[in-house]
Amino acid sequence: MAEKMKTLVIYCLVFQVIIQSGNSADSGDVDFSILIKNEMYNVDNPSVFYTCRSSKKDIGWHKSVPSSEFQWEFEVPQFGNGVMVHKCSFRSSAGTANVEIRTLSTTAMLCDGQTCKYAIRPNGIYFIGYELYSPYAIFGRYIELSRPAEKLVEPWKPWSPQQLKAMYRTKQMVHDSD
């Protein structure tokens, strides 16, 4: 009886995912957004500068402080036929991080809808959403389910000596011009 109940629950979850992904692709392109939140709490210098660009959009450089969020919208072709790639660069006192965010219409299952969330944390950039896993084999086939996940996408890379020298020279030039 318990095994039948477990099988029924799994089928219900699978049908729910199928229905949700079917509803997100009615006609035309699928609307998405990326949300980036600064979670650099308990850090001496928590400010972070970042920029993201795709083939269609460049959001420019943004300065964020803890708890601040920035979100932008874009479209991707439906039915997983196209990918929107955003290349993002982050700069902080902890170092640098470069992240490539790839979004398909089917990404909605991992992003909890059409908003993909990323967090800037003291040890790097995190994706906040869902991951797929296959816990059971039913009739010899594995069923994919999703569960909440917070994944480190890119750790901070310490500033190189050349980068530090260049920043120091830039600061000196700014102070000398004052």
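Serine 54 counts as buried, with a relative accessibility of 16%; here buried means under 20% relative accessible area, exposed means over 50%, and partly exposed lies in between, using a 1.4 Å probe and protein chains only. You will find serine 54 in the loop between strand 2 (48-53) and strand 3. Helices (H or I, at least four residues) and strands (E, at least two) are DSSP runs, numbered from the N terminus. Leaving aside neighbours within four places in sequence, serine 54 is in contact (heavy atoms within 4.5 Å) with Met84, Val85 and His86. Serine 54 and histidine 86 are 32 residues apart along the chain, and their C-alpha atoms are separated by 4.6 Å.

A word on what you are looking at: this is a predicted model, in which local features need pLDDT of at least 70 and side-chain atom pairs count only at pLDDT 80 or more, while totals for chains, interfaces and linings use all residues. Residues are numbered from 1 along each chain as its sequence is written, and side-chain values use heavy atoms, with hydrogens and water left out.

Now step back to the whole protein. It has three helices and nine strands, and along the sequence they follow the pattern α-β-β-β-β-β-β-α-β-β-β-α. Of the 178 residues, 34% are buried. Among contacts with a separation of 6 or more, 61% are between residues 24 or more positions apart. The accessible surface comes to about 11500 Å², and carbon and sulfur atoms hold 55% of that surface; such areas come from the Shrake-Rupley method with a 1.4 Å probe, and for residues only the protein chains shown count as cover.

Another serine is worth a visit. Serine 64 lies in strand 3 (residues 62-64) and is buried, with a relative accessible area of 4%. Apart from neighbours within four places in sequence, serine 64 is in contact with Asn38, Pro46, Ser47, Val48, Tyr50 and Ile120.

Next come the charged side chains. The whole structure holds eight salt bridges, each being a side-chain nitrogen of Lys or Arg within 4 Å of a carboxyl oxygen of Asp or Glu. In one of them, aspartate 58 pairs with arginine 53, with the closest N and O atoms 3.3 Å apart. Aspartate 58 is partly exposed at 45%, and arginine 53 is also partly exposed, at 45% relative accessibility. Glutamate 100 and arginine 102 form another salt bridge, at 3.0 Å from N to O. Here glutamate 100 is partly exposed, with a relative accessible area of 40%, whereas arginine 102 is exposed, at 52%.

Lysine 151 and glutamate 131 also form a salt bridge, and their closest N and O atoms are 2.8 Å apart. Because lysine 151 lies in strand 9 (residues 141-155) and glutamate 131 in strand 8 (residues 124-138), the pair ties together parts that are 20 residues apart in sequence. Lysine 151 is partly exposed, at 42% relative accessibility.

Finally, look for a patch of negative charge on the surface, where Asp29, Asp31, Glu73 and Glu75 gather. Patches are made of residues with over 30% relative accessible area and no salt bridge; like charges are joined within 9 Å, and nonpolar side chains (Val, Leu, Ile, Met, Phe, Trp, Tyr) within 5 Å. Aspartate 29 sits in the loop between helix 1 (2-23) and strand 1 (30-38) and is partly exposed, at 41% relative accessibility.

Note on methods:
Lys and Arg count as positive and Asp and Glu as negative; His and the chain ends are not counted. The place of a charge is taken as NZ of Lys, CZ of Arg, CG of Asp or CD of Glu.
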